[in-house]
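Reader: I have a structure to study and would like to go through it with you. May I begin with a single residue and its contacts?
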Amino acid sequence: MGQVKSITKKSEDISAWYNDVIARAKLAEHGPVRGTMIFRLLGFALWEAIQKTLDTKIKDLGAQNAYFPLFIPLSFLQKEQSHVKGFSPELAVVTHGGGEKLTEPVVVRPTSETIMYDAFSRWIESFRDLPLVINQWSNVVRWEKRPYMFLRTTEFLWQEGHSAHATNEDAQKMADGALKMYVDFYQNTLALYGYAGKKSETEKFPGADTTLTYEILAPDGKVIQACTSHNLGQNFAKVFKVEFQNEQGEKKLVWQTSWGLTTRSIGAVILAHGDDNGLVLPPQIAPLQVVIIPIISKGVDKDAILKMAGQAFGILEGNNIKVKMDDNDQSPGWKFNQYELEGVPLRIEIGSTELKDKSFRVVRRDNKDSFSFKLETIGFEIQQLLSTMQKDLLAKHKDFTLENTRQADTYEDFKKIMSATKGFIEAFWCEDASCEEKIKSETKASTRCFPLDGIKVEGKCIVCGKKSTRRWLFAQSY
Ligand SMILES: [Zn+2]
(Lines give C-alpha, C1' and ligand atoms only; values in the text may rest on other atoms or scores of the structure.)
Protein backbone atom coordinates (compact mmCIF):
# COMPACT_ATOMS: atom_id res chain seq x y z
CA MET A 1 0.00 0.00 0.00
CA GLY A 2 1.61 3.21 -1.16
CA GLN A 3 1.74 6.34 0.94
CA VAL A 4 0.73 9.65 -0.58
CA LYS A 5 3.88 11.73 -0.21
CA SER A 6 3.24 15.18 1.16
CA ILE A 7 3.42 18.19 -1.12
CA THR A 8 5.00 21.58 -0.41
CA LYS A 9 2.64 23.84 1.54
CA LYS A 10 0.94 26.46 -0.62
CA SER A 11 1.47 29.17 1.98
CA GLU A 12 5.22 28.41 2.22
CA ASP A 13 6.21 28.36 -1.45
CA ILE A 14 3.39 28.71 -3.95
CA SER A 15 5.60 28.05 -6.95
CA ALA A 16 6.96 24.76 -5.54
CA TRP A 17 3.42 23.85 -4.41
CA TYR A 18 2.10 24.52 -7.93
CA ASN A 19 4.70 22.25 -9.53
CA ASP A 20 4.13 19.55 -6.89
CA VAL A 21 0.37 19.54 -7.44
CA ILE A 22 0.73 19.36 -11.21
CA ALA A 23 3.14 16.45 -10.95
CA ARG A 24 1.43 14.51 -8.17
CA ALA A 25 -2.15 14.94 -9.39
CA LYS A 26 -0.80 13.84 -12.78
CA LEU A 27 -2.08 16.93 -14.57
CA ALA A 28 0.91 17.46 -16.83
CA GLU A 29 4.66 17.23 -17.24
CA HIS A 30 7.32 19.08 -19.21
CA GLY A 31 7.85 18.06 -22.83
CA PRO A 32 11.37 17.36 -24.12
CA VAL A 33 11.51 20.74 -25.90
CA ARG A 34 11.73 23.52 -23.31
CA GLY A 35 8.44 25.33 -22.88
CA THR A 36 6.30 22.48 -24.20
CA MET A 37 3.98 20.48 -22.01
CA ILE A 38 2.47 16.99 -21.98
CA PHE A 39 -1.17 17.03 -20.88
CA ARG A 40 -1.67 13.94 -18.73
CA LEU A 41 -5.09 12.35 -18.19
CA LEU A 42 -6.49 14.67 -15.50
CA GLY A 43 -5.06 17.78 -17.17
CA PHE A 44 -6.61 16.89 -20.49
CA ALA A 45 -9.92 15.87 -18.87
CA LEU A 46 -10.09 19.41 -17.47
CA TRP A 47 -9.49 20.89 -20.92
CA GLU A 48 -12.18 18.61 -22.38
CA ALA A 49 -14.63 19.78 -19.71
CA ILE A 50 -13.77 23.41 -20.53
CA GLN A 51 -14.19 22.75 -24.25
CA LYS A 52 -17.55 21.04 -23.76
CA THR A 53 -19.06 23.94 -21.82
CA LEU A 54 -17.48 26.72 -23.85
CA ASP A 55 -18.17 25.21 -27.28
CA THR A 56 -21.92 25.39 -26.61
CA LYS A 57 -21.63 29.02 -25.51
CA ILE A 58 -19.54 29.88 -28.59
CA LYS A 59 -22.18 28.39 -30.87
CA ASP A 60 -24.84 30.37 -28.98
CA LEU A 61 -22.88 33.48 -30.06
CA GLY A 62 -23.54 32.46 -33.66
CA ALA A 63 -20.19 30.85 -34.45
CA GLN A 64 -19.49 27.64 -36.36
CA ASN A 65 -16.33 25.58 -35.99
CA ALA A 66 -13.73 25.25 -38.75
CA TYR A 67 -10.07 24.30 -38.98
CA PHE A 68 -7.24 26.17 -40.70
CA PRO A 69 -3.66 25.03 -41.41
CA LEU A 70 -0.90 25.11 -38.79
CA PHE A 71 1.58 26.63 -41.27
CA ILE A 72 1.22 30.23 -42.42
CA PRO A 73 3.36 31.95 -45.08
CA LEU A 74 5.59 34.51 -43.34
CA SER A 75 4.47 37.07 -45.94
CA PHE A 76 0.90 36.84 -44.57
CA LEU A 77 2.02 38.04 -41.15
CA GLN A 78 4.10 40.79 -42.71
CA LYS A 79 1.04 42.33 -44.35
CA GLU A 80 -0.21 43.90 -41.13
CA GLN A 81 2.66 45.95 -39.69
CA SER A 82 1.79 46.14 -36.00
CA HIS A 83 0.72 42.47 -36.06
CA VAL A 84 4.09 41.18 -37.31
CA LYS A 85 5.97 43.61 -35.04
CA GLY A 86 4.06 42.33 -32.01
CA PHE A 87 4.54 38.66 -32.80
CA SER A 88 8.06 38.63 -34.29
CA PRO A 89 9.92 37.92 -31.02
CA GLU A 90 7.72 34.85 -30.38
CA LEU A 91 7.58 33.26 -33.82
CA ALA A 92 8.70 29.72 -34.64
CA VAL A 93 9.79 29.83 -38.29
CA VAL A 94 10.25 26.78 -40.51
CA THR A 95 12.96 27.28 -43.13
CA HIS A 96 13.40 23.69 -44.33
CA GLY A 97 10.88 21.06 -45.44
CA GLY A 98 11.31 17.68 -47.09
CA GLY A 99 15.07 18.06 -46.91
CA GLU A 100 15.10 21.28 -48.91
CA LYS A 101 15.32 24.96 -48.10
CA LEU A 102 11.87 26.50 -48.55
CA THR A 103 11.55 29.32 -51.08
CA GLU A 104 9.50 31.25 -48.51
CA PRO A 105 9.80 30.68 -44.74
CA VAL A 106 6.69 29.31 -43.08
CA VAL A 107 5.47 30.33 -39.63
CA VAL A 108 3.93 27.92 -37.11
CA ARG A 109 0.72 29.80 -36.28
CA PRO A 110 0.95 32.08 -33.26
CA THR A 111 -2.73 33.02 -33.95
CA SER A 112 -4.80 32.70 -37.13
CA GLU A 113 -6.02 36.16 -38.15
CA THR A 114 -3.90 36.30 -41.30
CA ILE A 115 -4.60 32.84 -42.71
CA MET A 116 -8.31 33.06 -41.89
CA TYR A 117 -8.84 36.53 -43.33
CA ASP A 118 -7.08 35.58 -46.56
CA ALA A 119 -9.83 32.94 -46.86
CA PHE A 120 -12.54 35.41 -45.71
CA SER A 121 -11.57 37.64 -48.68
CA ARG A 122 -12.68 34.81 -51.00
CA TRP A 123 -15.70 33.73 -48.96
CA ILE A 124 -17.35 37.11 -48.47
CA GLU A 125 -18.97 38.78 -51.46
CA SER A 126 -22.08 40.61 -50.36
CA PHE A 127 -23.82 41.88 -47.22
CA ARG A 128 -25.77 38.61 -47.31
CA ASP A 129 -22.58 36.74 -46.32
CA LEU A 130 -22.31 38.80 -43.12
CA PRO A 131 -21.83 38.37 -40.29
CA LEU A 132 -19.34 35.54 -40.74
CA VAL A 133 -18.41 34.02 -37.38
CA ILE A 134 -15.87 31.19 -37.26
CA ASN A 135 -14.35 29.41 -34.25
CA GLN A 136 -11.33 27.15 -34.23
CA TRP A 137 -10.12 24.79 -31.49
CA SER A 138 -6.40 24.31 -31.99
CA ASN A 139 -2.84 24.61 -30.74
CA VAL A 140 -0.65 27.67 -31.33
CA VAL A 141 3.04 28.37 -30.81
CA ARG A 142 4.53 31.50 -29.25
CA TRP A 143 8.14 30.95 -28.22
CA GLU A 144 8.29 31.41 -24.47
CA LYS A 145 11.52 32.49 -22.77
CA ARG A 146 10.22 32.02 -19.21
CA PRO A 147 7.94 28.98 -19.43
CA TYR A 148 5.58 28.12 -16.58
CA MET A 149 3.25 25.10 -16.70
CA PHE A 150 -0.21 25.96 -18.12
CA LEU A 151 0.29 29.72 -17.64
CA ARG A 152 3.09 30.38 -20.12
CA THR A 153 3.92 27.55 -22.53
CA THR A 154 5.50 27.73 -25.96
CA GLU A 155 2.75 25.58 -27.41
CA PHE A 156 -0.70 25.95 -25.91
CA LEU A 157 -4.25 24.90 -26.71
CA TRP A 158 -7.04 27.38 -27.20
CA GLN A 159 -10.11 28.42 -29.09
CA GLU A 160 -9.95 31.44 -31.36
CA GLY A 161 -13.14 33.09 -32.58
CA HIS A 162 -13.04 35.33 -35.66
CA SER A 163 -15.78 37.42 -37.21
CA ALA A 164 -16.52 39.84 -40.03
CA HIS A 165 -19.36 42.38 -39.96
CA ALA A 166 -20.92 45.11 -42.09
CA THR A 167 -20.54 47.83 -39.45
CA ASN A 168 -18.22 48.75 -36.62
CA GLU A 169 -21.23 48.70 -34.26
CA ASP A 170 -21.91 45.06 -35.14
CA ALA A 171 -18.23 44.19 -34.62
CA GLN A 172 -18.15 45.92 -31.24
CA LYS A 173 -21.32 44.07 -30.25
CA MET A 174 -19.58 40.78 -31.09
CA ALA A 175 -16.42 41.71 -29.15
CA ASP A 176 -18.57 42.71 -26.16
CA GLY A 177 -20.64 39.53 -26.46
CA ALA A 178 -17.54 37.32 -26.52
CA LEU A 179 -16.14 39.00 -23.40
CA LYS A 180 -19.49 38.63 -21.65
CA MET A 181 -19.47 34.92 -22.53
CA TYR A 182 -15.98 34.52 -21.03
CA VAL A 183 -16.89 36.41 -17.85
CA ASP A 184 -19.94 34.20 -17.39
CA PHE A 185 -17.84 31.09 -18.03
CA TYR A 186 -15.09 32.11 -15.60
CA GLN A 187 -17.51 33.08 -12.85
CA ASN A 188 -20.13 30.35 -13.13
CA THR A 189 -18.09 27.41 -14.40
CA LEU A 190 -14.56 28.00 -13.10
CA ALA A 191 -15.68 29.98 -10.01
CA LEU A 192 -13.10 32.69 -10.69
CA TYR A 193 -13.89 36.33 -10.00
CA GLY A 194 -12.03 39.04 -11.90
CA TYR A 195 -12.13 42.42 -13.57
CA ALA A 196 -13.46 42.88 -17.10
CA GLY A 197 -12.02 45.88 -18.83
CA LYS A 198 -10.24 47.56 -21.69
CA LYS A 199 -6.50 47.27 -22.35
CA SER A 200 -4.23 50.30 -22.73
CA GLU A 201 -2.79 51.20 -26.17
CA THR A 202 0.50 49.55 -25.18
CA GLU A 203 -1.07 46.35 -23.90
CA LYS A 204 -3.66 45.80 -26.63
CA PHE A 205 -3.39 43.01 -29.23
CA PRO A 206 -0.99 43.78 -32.11
CA GLY A 207 -3.30 44.76 -34.98
CA ALA A 208 -6.41 45.57 -32.90
CA ASP A 209 -8.20 48.89 -32.43
CA THR A 210 -9.24 47.88 -28.91
CA THR A 211 -8.75 44.84 -26.68
CA LEU A 212 -11.07 43.71 -23.90
CA THR A 213 -9.80 41.43 -21.15
CA TYR A 214 -10.74 39.56 -17.96
CA GLU A 215 -8.04 39.70 -15.28
CA ILE A 216 -7.87 37.21 -12.41
CA LEU A 217 -5.91 37.53 -9.17
CA ALA A 218 -3.74 34.60 -8.03
CA PRO A 219 -2.99 33.99 -4.32
CA ASP A 220 0.56 35.37 -4.61
CA GLY A 221 -0.79 38.79 -5.66
CA LYS A 222 0.08 38.37 -9.33
CA VAL A 223 -2.58 38.58 -12.02
CA ILE A 224 -3.53 36.23 -14.85
CA GLN A 225 -4.86 37.63 -18.14
CA ALA A 226 -7.64 35.08 -18.50
CA CYS A 227 -8.88 35.74 -22.05
CA THR A 228 -9.08 38.57 -24.57
CA SER A 229 -11.56 39.90 -27.10
CA HIS A 230 -10.42 42.31 -29.81
CA ASN A 231 -12.17 44.78 -32.04
CA LEU A 232 -9.85 44.64 -35.07
CA GLY A 233 -11.56 47.51 -36.88
CA GLN A 234 -10.64 47.37 -40.58
CA ASN A 235 -6.90 46.88 -39.98
CA PHE A 236 -6.79 43.34 -41.37
CA ALA A 237 -9.64 43.90 -43.84
CA LYS A 238 -7.55 46.59 -45.55
CA VAL A 239 -4.47 44.43 -46.10
CA PHE A 240 -6.32 41.20 -46.92
CA LYS A 241 -8.95 43.01 -49.00
CA VAL A 242 -11.90 41.54 -47.12
CA GLU A 243 -14.68 43.42 -48.89
CA PHE A 244 -18.42 43.10 -49.38
CA GLN A 245 -20.98 44.72 -51.59
CA ASN A 246 -23.52 46.63 -49.48
CA GLU A 247 -27.24 46.98 -50.20
CA GLN A 248 -26.52 50.01 -52.39
CA GLY A 249 -24.09 47.97 -54.47
CA GLU A 250 -20.97 49.73 -53.12
CA LYS A 251 -17.74 47.89 -52.21
CA LYS A 252 -16.97 48.26 -48.49
CA LEU A 253 -14.38 46.81 -46.13
CA VAL A 254 -15.68 44.54 -43.36
CA TRP A 255 -15.23 45.21 -39.63
CA GLN A 256 -13.68 42.36 -37.66
CA THR A 257 -13.18 40.81 -34.22
CA SER A 258 -11.16 37.97 -32.73
CA TRP A 259 -11.32 36.46 -29.24
CA GLY A 260 -9.65 33.59 -27.42
CA LEU A 261 -9.39 31.53 -24.26
CA THR A 262 -6.48 29.16 -23.63
CA THR A 263 -5.26 26.30 -21.44
CA ARG A 264 -3.90 28.90 -19.03
CA SER A 265 -7.46 28.91 -17.64
CA ILE A 266 -6.51 25.55 -16.06
CA GLY A 267 -3.49 27.19 -14.41
CA ALA A 268 -5.81 29.83 -12.96
CA VAL A 269 -8.10 27.15 -11.48
CA ILE A 270 -5.15 25.29 -9.91
CA LEU A 271 -3.60 28.43 -8.41
CA ALA A 272 -6.73 30.14 -7.17
CA HIS A 273 -8.67 27.25 -5.64
CA GLY A 274 -6.00 24.73 -4.55
CA ASP A 275 -4.83 24.31 -0.95
CA ASP A 276 -2.11 22.55 1.08
CA ASN A 277 -3.66 19.16 0.27
CA GLY A 278 -3.73 19.68 -3.50
CA LEU A 279 -6.29 20.62 -6.12
CA VAL A 280 -9.76 21.93 -5.34
CA LEU A 281 -11.92 21.63 -8.44
CA PRO A 282 -15.15 23.59 -8.88
CA PRO A 283 -17.93 20.96 -9.30
CA GLN A 284 -18.94 22.36 -12.71
CA ILE A 285 -15.55 21.51 -14.19
CA ALA A 286 -14.56 18.46 -12.14
CA PRO A 287 -14.22 15.33 -14.32
CA LEU A 288 -15.19 13.39 -11.18
CA GLN A 289 -17.59 15.13 -8.77
CA VAL A 290 -18.18 12.51 -6.09
CA VAL A 291 -16.16 9.51 -4.92
CA ILE A 292 -17.78 6.83 -2.76
CA ILE A 293 -15.39 5.06 -0.37
CA PRO A 294 -16.62 1.97 1.50
CA ILE A 295 -14.67 1.52 4.74
CA ILE A 296 -14.32 -2.17 5.42
CA SER A 297 -12.83 -2.90 8.83
CA LYS A 298 -12.62 -6.18 10.71
CA GLY A 299 -15.90 -7.48 12.03
CA VAL A 300 -18.18 -5.30 9.91
CA ASP A 301 -20.61 -6.69 7.39
CA LYS A 302 -18.69 -6.05 4.15
CA ASP A 303 -21.58 -7.12 1.90
CA ALA A 304 -24.02 -4.78 3.66
CA ILE A 305 -21.62 -1.83 3.30
CA LEU A 306 -20.98 -2.55 -0.37
CA LYS A 307 -24.72 -2.85 -0.92
CA MET A 308 -25.30 0.60 0.60
CA ALA A 309 -22.46 2.03 -1.47
CA GLY A 310 -23.95 0.51 -4.61
CA GLN A 311 -27.37 2.01 -3.84
CA ALA A 312 -25.89 5.49 -3.41
CA PHE A 313 -23.87 5.06 -6.59
CA GLY A 314 -26.98 4.14 -8.59
CA ILE A 315 -28.97 7.10 -7.29
CA LEU A 316 -26.19 9.62 -7.98
CA GLU A 317 -25.51 8.23 -11.44
CA GLY A 318 -29.23 8.47 -12.14
CA ASN A 319 -29.04 12.16 -11.19
CA ASN A 320 -26.32 12.77 -13.81
CA ILE A 321 -23.68 13.30 -11.15
CA LYS A 322 -20.16 12.24 -12.15
CA VAL A 323 -19.58 9.56 -9.51
CA LYS A 324 -17.14 6.72 -8.91
CA MET A 325 -17.07 3.95 -6.32
CA ASP A 326 -13.58 3.07 -5.13
CA ASP A 327 -13.61 -0.31 -3.39
CA ASN A 328 -10.05 -1.34 -4.21
CA ASP A 329 -7.74 -2.59 -1.46
CA GLN A 330 -5.88 0.64 -0.66
CA SER A 331 -6.50 1.94 2.87
CA PRO A 332 -9.28 4.52 3.34
CA GLY A 333 -6.67 7.05 4.55
CA TRP A 334 -4.65 6.64 1.34
CA LYS A 335 -7.77 7.10 -0.75
CA PHE A 336 -8.83 10.21 1.19
CA ASN A 337 -5.43 11.80 0.51
CA GLN A 338 -5.39 10.78 -3.14
CA TYR A 339 -8.84 12.16 -3.96
CA GLU A 340 -8.08 15.34 -2.02
CA LEU A 341 -4.91 15.76 -4.08
CA GLU A 342 -6.97 15.32 -7.26
CA GLY A 343 -9.51 17.89 -6.08
CA VAL A 344 -12.66 15.71 -6.17
CA PRO A 345 -15.40 18.01 -4.75
CA LEU A 346 -17.24 15.51 -2.52
CA ARG A 347 -16.34 12.26 -0.78
CA ILE A 348 -18.89 9.81 0.60
CA GLU A 349 -17.78 7.44 3.37
CA ILE A 350 -19.65 4.34 4.45
CA GLY A 351 -18.28 2.47 7.48
CA SER A 352 -19.66 0.68 10.54
CA THR A 353 -21.26 3.84 12.02
CA GLU A 354 -22.98 4.67 8.74
CA LEU A 355 -24.14 1.07 8.37
CA LYS A 356 -25.71 1.17 11.84
CA ASP A 357 -27.38 4.57 11.23
CA LYS A 358 -28.31 3.78 7.63
CA SER A 359 -26.65 7.06 6.68
CA PHE A 360 -23.86 8.37 4.47
CA ARG A 361 -21.06 10.62 5.69
CA VAL A 362 -20.27 13.30 3.10
CA VAL A 363 -17.16 15.51 3.22
CA ARG A 364 -16.61 18.66 1.18
CA ARG A 365 -13.17 19.01 -0.40
CA ASP A 366 -12.90 22.79 -0.07
CA ASN A 367 -13.71 23.44 3.61
CA LYS A 368 -13.83 19.86 5.04
CA ASP A 369 -17.41 20.37 6.29
CA SER A 370 -19.11 17.03 6.82
CA PHE A 371 -22.75 16.00 6.57
CA SER A 372 -24.88 12.95 7.19
CA PHE A 373 -27.42 12.07 4.51
CA LYS A 374 -30.05 9.35 4.23
CA LEU A 375 -30.48 7.18 1.15
CA GLU A 376 -33.96 8.59 0.43
CA THR A 377 -32.67 12.14 -0.09
CA ILE A 378 -29.03 11.63 -1.08
CA GLY A 379 -29.50 12.49 -4.77
CA PHE A 380 -31.08 15.84 -3.98
CA GLU A 381 -28.72 16.62 -1.08
CA ILE A 382 -25.58 15.93 -3.14
CA GLN A 383 -26.84 18.08 -6.00
CA GLN A 384 -27.53 20.91 -3.55
CA LEU A 385 -24.12 20.53 -1.98
CA LEU A 386 -22.31 20.61 -5.34
CA SER A 387 -24.16 23.76 -6.28
CA THR A 388 -23.45 25.38 -2.88
CA MET A 389 -19.78 24.52 -3.14
CA GLN A 390 -19.64 25.99 -6.65
CA LYS A 391 -21.12 29.28 -5.38
CA ASP A 392 -18.95 29.33 -2.26
CA LEU A 393 -15.75 28.97 -4.29
CA LEU A 394 -16.67 31.98 -6.42
CA ALA A 395 -17.66 34.02 -3.35
CA LYS A 396 -14.36 33.15 -1.65
CA HIS A 397 -12.33 34.18 -4.70
CA LYS A 398 -14.36 37.37 -5.02
CA ASP A 399 -13.73 38.27 -1.36
CA PHE A 400 -10.02 37.60 -1.83
CA THR A 401 -9.91 39.76 -4.97
CA LEU A 402 -11.77 42.68 -3.40
CA GLU A 403 -9.63 42.51 -0.25
CA ASN A 404 -6.56 42.71 -2.46
CA THR A 405 -7.69 45.60 -4.62
CA ARG A 406 -6.28 48.80 -3.15
CA GLN A 407 -6.23 52.43 -4.14
CA ALA A 408 -2.97 54.36 -4.35
CA ASP A 409 -3.04 58.13 -4.76
CA THR A 410 0.71 58.70 -4.71
CA TYR A 411 3.50 56.87 -6.49
CA GLU A 412 5.12 56.25 -3.09
CA ASP A 413 2.02 54.39 -1.88
CA PHE A 414 1.89 52.50 -5.15
CA LYS A 415 5.49 51.31 -4.78
CA LYS A 416 4.93 50.37 -1.14
CA ILE A 417 1.93 48.17 -2.02
CA MET A 418 3.70 46.57 -4.99
CA SER A 419 6.70 45.61 -2.90
CA ALA A 420 4.57 44.12 -0.12
CA THR A 421 1.12 42.60 -0.68
CA LYS A 422 0.94 43.18 -4.47
CA GLY A 423 -2.59 42.52 -5.79
CA PHE A 424 -4.57 45.00 -7.86
CA ILE A 425 -3.95 48.73 -7.45
CA GLU A 426 -6.44 51.32 -8.68
CA ALA A 427 -4.52 54.45 -9.61
CA PHE A 428 -4.88 57.57 -11.71
CA TRP A 429 -2.79 57.49 -14.86
CA CYS A 430 -2.60 60.15 -17.60
CA GLU A 431 -2.61 57.44 -20.33
CA ASP A 432 0.81 58.49 -21.62
CA ALA A 433 2.91 55.46 -22.56
CA SER A 434 5.99 56.98 -20.86
CA CYS A 435 4.34 57.02 -17.40
CA GLU A 436 3.09 53.47 -17.96
CA GLU A 437 6.61 52.36 -18.91
CA LYS A 438 8.17 54.06 -15.87
CA ILE A 439 5.76 52.26 -13.53
CA LYS A 440 6.44 48.95 -15.24
CA SER A 441 10.22 49.21 -15.16
CA GLU A 442 10.31 50.39 -11.53
CA THR A 443 7.61 48.18 -9.98
CA LYS A 444 7.08 45.34 -12.52
CA ALA A 445 3.39 46.32 -12.47
CA SER A 446 1.66 46.91 -15.79
CA THR A 447 -1.71 48.40 -16.63
CA ARG A 448 -4.11 45.46 -16.58
CA CYS A 449 -7.24 47.29 -17.74
CA PHE A 450 -9.67 50.13 -17.28
CA PRO A 451 -12.67 48.33 -15.75
CA LEU A 452 -15.80 48.40 -17.92
CA ASP A 453 -17.85 49.44 -14.90
CA GLY A 454 -15.25 52.02 -13.86
CA ILE A 455 -16.54 55.50 -13.18
CA LYS A 456 -15.25 58.83 -14.42
CA VAL A 457 -13.57 60.76 -11.64
CA GLU A 458 -11.03 63.57 -11.58
CA GLY A 459 -7.53 62.89 -10.39
CA LYS A 460 -3.84 63.32 -11.10
CA CYS A 461 -1.48 60.83 -12.72
CA ILE A 462 0.56 59.24 -9.93
CA VAL A 463 3.75 59.65 -11.99
CA CYS A 464 3.61 63.04 -13.77
CA GLY A 465 0.73 64.79 -12.00
CA LYS A 466 -1.14 65.51 -15.22
CA LYS A 467 -4.92 65.37 -15.23
CA SER A 468 -6.54 61.92 -15.31
CA THR A 469 -10.23 61.13 -15.56
CA ARG A 470 -10.27 57.53 -14.44
CA ARG A 471 -8.52 55.00 -12.27
CA TRP A 472 -6.77 52.17 -14.10
CA LEU A 473 -6.06 48.75 -12.61
CA PHE A 474 -2.38 47.91 -12.24
CA ALA A 475 -0.77 44.63 -11.17
CA GLN A 476 2.19 42.36 -11.72
CA SER A 477 1.21 39.62 -14.12
CA TYR A 478 2.00 36.01 -14.97
ZN1 LIG B 1 1.47 60.61 -16.38
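Reader: Which residues does Q187 touch, not counting residues up to four places away in sequence?
Author: Q187 touches L192, Y193 and L394, where contact requires C-beta atoms, placed from the backbone, to lie within 7 Å. Please note that this is a predicted model, in which local features need pLDDT of at least 70, side-chain atom pairs count only at pLDDT 80 or more, and totals for chains, interfaces and linings use all residues. Residues are numbered from 1 along each chain as its sequence is written.

Reader: How far apart are Q187 and L394 in sequence and in space?
Author: They are 207 residues apart in sequence and 6.6 Å apart in space, C-alpha to C-alpha.

Reader: Where does Q187 sit?
Author: Q187 is in helix α6, residues 168-188. Helices (H or I, at least four residues) and strands (E, at least two) are DSSP runs, numbered from the N terminus.

Reader: On another topic, what are the domains?
Author: The assignment, automatic or from a database, gives domain 1 (14-273), domain 2 (290-388) and domain 3 (405-475).

Reader: How many residues of domain 1 and domain 3 are in contact?
Author: In domain 1, 15 residues are in contact with 15 residues of domain 3.

Reader: Which element gives the most to that side of domain 1?
Author: Strand β9 does, with four residues.

Terms used. Contact = placed C-beta atoms within 7 Å.
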